[in-house]
Amino acid sequence: QTDYKRMLAYSSVEHMGILALGIGIGGVATAGALLHAVNHSLAKAALFMVAGSILTACRSKDVGEVRGLLRVLPASGGLWVAGILAITGTPPFGIFTSELMILKGALANSEWFVAAAYLLGLAIVFAAMIWTLLRMAYSRNGAEDSVVSHEHSSAVSDAVPALLLAFLLLLGLWIPAPLWNLINDAAASIGGTF
């Protein structure tokens, strides 16, 4: 996908498939799917906010026209890198934890083919999104790179996604007991266990 905002939308479709898979597997995967919904919401909200800042600065949604983000838009570029790493399930972000719980559920139910297909799908999505990230964050597009406007963001427009990503990082390292209890109760109500 050459439109980075559309890429994020397609990524949401992928993550809904992960949620459906977790619910379908049952057991611990159900709790993993519900935790995944929380993690995905945080990551995608942060990424769409950063995408808005990038669009304002570069005046394009085309990956081929947005280059050198880390150099020319260090705050937005850094948040974009962190957000893409988070949404692709890179540890220690929370999405890694929830995807691992879903995998654990598949393996616990001896769903070997499902587990293998799941890992293959995650690997393909990871490779494609990281390729796009590398092109946007590091590649050069001429001497001026791609920035049209340097007045693209404010402290708030960078702080809000940074806060969301920080919370997502926290959920990869530690899940607060009230949230964990809520997830377990919700999982139990739809037949999941932990």
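Pro92 sits in the loop between H4 and H5. Helices (H or I, at least four residues) and strands (E, at least two) are DSSP runs, numbered from the N terminus. The peptide bond from Pro91 to Pro92 is cis, with omega near 10°. The model is predicted; local features need pLDDT of at least 70, side-chain atom pairs count only at pLDDT 80 or more, and totals for chains, interfaces and linings use all residues. Residues are numbered from 1 along each chain as its sequence is written, and side-chain values use heavy atoms, with hydrogens and water left out.

Confidence is expressed as pLDDT, the predictor's confidence in each residue, from 0 to 100. The chain has a mean pLDDT of 91, and 91% of its residues reach 70 or more. Among the elements of the chain, H5 has the highest mean pLDDT, 97. The lowest, 91, belongs to helix H3 (residues 69–72).

Helix H5 covers residues 94–108. The expected span of a helix is 1.5 Å times one less than its number of residues. The 15 residues of H5 should therefore span 21 Å, and the end C-alpha atoms are 21 Å apart, which agrees. Burial was assigned from relative accessible area: buried means under 20%, exposed over 50%, and partly exposed in between (1.4 Å probe, protein chains only). The buried residues of H5 are Gly94, Ile95, Thr97, Ser98, Glu99, Met101, Ile102, Leu103, Gly105 and Ala106. Their cover includes H1, helix H2 (28–58), helix H4 (74–87), H6, helix H7 (155–173) and helix H8 (177–189). Contact here means heavy atoms within 4.5 Å.

Ser110 counts as partly exposed because its relative accessibility is 44%. Arg59 also has a positive phi, near 55°, in a residue other than glycine. Arg59 is placed in the loop between H2 and H3. With a relative accessible area of 56%, Arg59 is exposed.

A cavity is a set of points where a 1.4 Å probe fits but cannot get out. A pocket is an open set with protein on both sides within 12 Å along at least five of seven lines. Lining residues have an atom within 4 Å of a point. Grid points are joined across faces, edges and corners, and a volume is the space filled by probe spheres set on the points.

The largest pocket holds about 220 Å³ of space. Its lining consists of Gln1, Met7, Tyr10, Ser11, Glu14, Ile124, Val125, Ala128, Met129 and Thr132. H6 gives the most, with five. By class, the lining has six nonpolar, three polar and one charged residues. Ala, Val, Leu, Ile, Met, Phe, Trp, Tyr, Cys and Pro count as nonpolar, Asp, Glu, Lys and Arg as charged, and the others, Gly among them, as polar.

The second largest pocket has a volume of about 160 Å³. Thr88, Gly89, Phe96, Glu99, Leu100, Leu103, Tyr118, Leu119, Leu122, Ala123 and Phe126 line this pocket. H5 and H6 each contribute at least two residues. H6 again gives the most, with five. Eight of the lining residues are nonpolar, two polar and one charged.

One cavity of 30 Å³ or more is present. The volume of the largest cavity is about 30 Å³. Glu14, His15, Ile87, Thr88, Gly89, Glu99, Leu122, Val125 and Phe126 form its lining. Helix H1 (4–25) and helix H6 (112–138) each supply at least two of the lining residues. The largest share, three residues, comes from H6. The cavity lining has four nonpolar, three polar and two charged residues.

Two long-range separations complete the description. Val28 lies in helix H2 and is buried, with a relative accessible area of 12%. The C-alpha atoms of Val28 and Arg135 are separated by 37 Å, with the two residues 107 apart along the chain. Ser189 belongs to helix H8 and is exposed, at a relative accessible area of 60%. Its C-alpha atom is separated by 30 Å from that of Thr90, 99 residues apart along the chain.
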